[in-house]
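Here are my notes on the model you sent. They cover the sheet, the nonpolar cores and the aromatic pairs.

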Amino acid sequence: MSVCEGRETGPEGLVSALVEKGVLGDDWLPAFRAVPRHRFVPDVIWPGRAGMNRQSDRMVRTEDPAAWWAVVHRDVPITTQWDDGAYTGPGRGRTPSSSSSMPTMVASMLAALDVEQDSTVLEIGTGTGWNAALLSHRLGSENVVTVEVDARSAGEARRRLAHAGFTPRCVVGDGARGCPEHAPYDRVIATCSIGAVPEAWIEQTRPGGVIVTPWGPTYGGEAVARLTVAGDGTASGPFVGSSAFMRLRAQRKNLPPVPACPDGRAERRTTDLSPDDVGDWIHMFVIGVRVPDLFCRVDPGVEGAYRLWLYDTALTSWASAGFDKGRTAFPVHQSGPRRLWDELETAYRWWEAHGRPGFERFGLTIAEGGRTDVWLDEPTAVLQAATA
């Protein structure tokens, strides 16, 4: 590899790419230059693709060091663990359970954290340790506490951090509990997604402090929320961009198994809303917020055809909508006391009627008693569940 090639695919090339994208500013630039990603990526990885939750096959550093080096310094997410460590390869496991996040996302979330020089930070999800290292370089190790539920991952991250000269407090435990021993914190940042903001995070954040966390409803779709904590135990703030993180283990979706063959007593209709037009990340987010107990499955067919199945989490009702290329009317079947496709369509039409808002127009409030409110444009405009 030549010097020029090393620059293009190495640490400085990645830093330059983040600067050009506008996600890495002067405040975090020294940390990203001093703490290169490759020092915090294991030898065995499964590279991902930007904007996609799909992983390539296993890559081993000792088998192809040049390819490993090039991938690590691309702006892509990298899966580092499957099935809570039970699967090691070759190929891919069933469910990814730890990763090195996409560098654009790392830089964006650190920017949203808006730290000051003496800020104390609680990180939820140590992972490989890279994010904790960046925080430690910027703030000093003594101001960083990082929590990891997986003991093996925590131990490996601790070793990488020490080798790089950083000694943040590395705690093995359930991230949903935070780390009360060292609270309160000025900032909390989560590198895993949630569907409910743990009460402990708010309690352990100083009034006026900030929580940056990915949040998403059951149905799908997800974005990073930047919440300011108030003195009364509430927190509120806007979403600052879409995201796709693995769930906090304590909040993994535990969806019921669906019947292999739903009963045939179904109401039939057609719709001009294509199932293919409601599958973007923002669509799933809006549908999930307005129909909070909805989840879906996809049954693939041939030549791009498929059937979208909808269920409520209590399994009282189901619906399906078929997609075939070239159709303008799509068959819908619905059964049970609810009409789930109608509820989905109502949520989508609401989104259309409000100007097809992106994530940046939505916000999140954790009210008294832990109630979660999603709002549009301002905290008083709370989205209510859809009514078909």
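In what order do the nine strands of the open sheet run?

1. **The sheet.** The order is β8-β7-β6-β9-β10-β11-β12-β18-β19. Pairing is mixed, and the sheet is open. Keep in mind throughout that this is a predicted model. The edge strands are β8 (169–172) and β19 (372–376), each of which pairs on one side only. On average, neighbouring strands are turned by 20° against each other, direction ignored.

2. Strands β9 (residues 185–190) and β10 (residues 205–215) run parallel. Four bridges join them. Within this pairing, I189 stands opposite V212 of β10.

3. **The largest core.** Which residues have the most contacts inside the largest nonpolar core? They are F285, L310 and F362, in a core of 57 residues. Helix α10 (residues 340–353) is the top contributor, giving seven residues.

4. A separate core has 35 residues. Among them are W28, A31, F40 and W130.

5. **F285 and its surroundings.** Leaving aside residues up to four places away in sequence, F285 touches W215, P217, G220, G221, E222, F239, F359, F362 and V374. Several aromatic residues in that list return in a ring cluster: ring pairs link W215, F239, F285, F359 and F362.

6. **The F285–F362 pair.** The structure holds 13 aromatic pairs. How are the rings of F285 and F362 arranged? They are edge-to-face, with 5.5 Å centre to centre and 70° between the planes. The pair links distant parts of the chain, with its members 77 residues apart. F285 sits in helix α9 (residues 281–290), and F362 in strand β18 (residues 362–366). Both residues are buried. Strand β18 also has a place in the sheet, between β12 and β19.

7. **A stacked pair.** Why does the pair F323 and F330 count as stacked? The planes of the two rings are at 15°, and the cut-off for stacking is under 30 degrees. The ring centres are 6.0 Å apart. F323 and F330 are both buried.

8. **Where to look.** I would begin with F362. This residue is among those with the most contacts in the largest core, pairs edge-to-face with F285, and belongs to the ring cluster. Then follow strand β18, where F362 lies, into the sheet order.

Technical notes: Residues are numbered from 1 along each chain as its sequence is written. This is a predicted model: local features need pLDDT of at least 70, side-chain atom pairs count only at pLDDT 80 or more; totals for chains, interfaces and linings use all residues. Side-chain values use heavy atoms; hydrogens and water are left out. A nonpolar core is a set of buried Ala, Val, Leu, Ile, Met, Phe, Trp, Tyr and Cys residues joined through side-chain atoms within 4.5 Å. Buried means under 20% relative accessible area, exposed over 50%, partly exposed in between (1.4 Å probe, protein chains only). Helices (H or I, at least four residues) and strands (E, at least two) are DSSP runs, numbered from the N terminus. Contact means heavy atoms within 4.5 Å. Two strands pair if DSSP finds at least two bridges between them. Axes are lines fitted to C-alpha atoms, for helices over the stretch in contact, and angles run from 0 to 180 degrees between N-to-C directions. Rings of Phe, Tyr and Trp (its six-membered ring) pair if their centres lie within 6.5 Å; planes under 30 degrees apart count as stacked, over 60 as edge-to-face and the rest as tilted.
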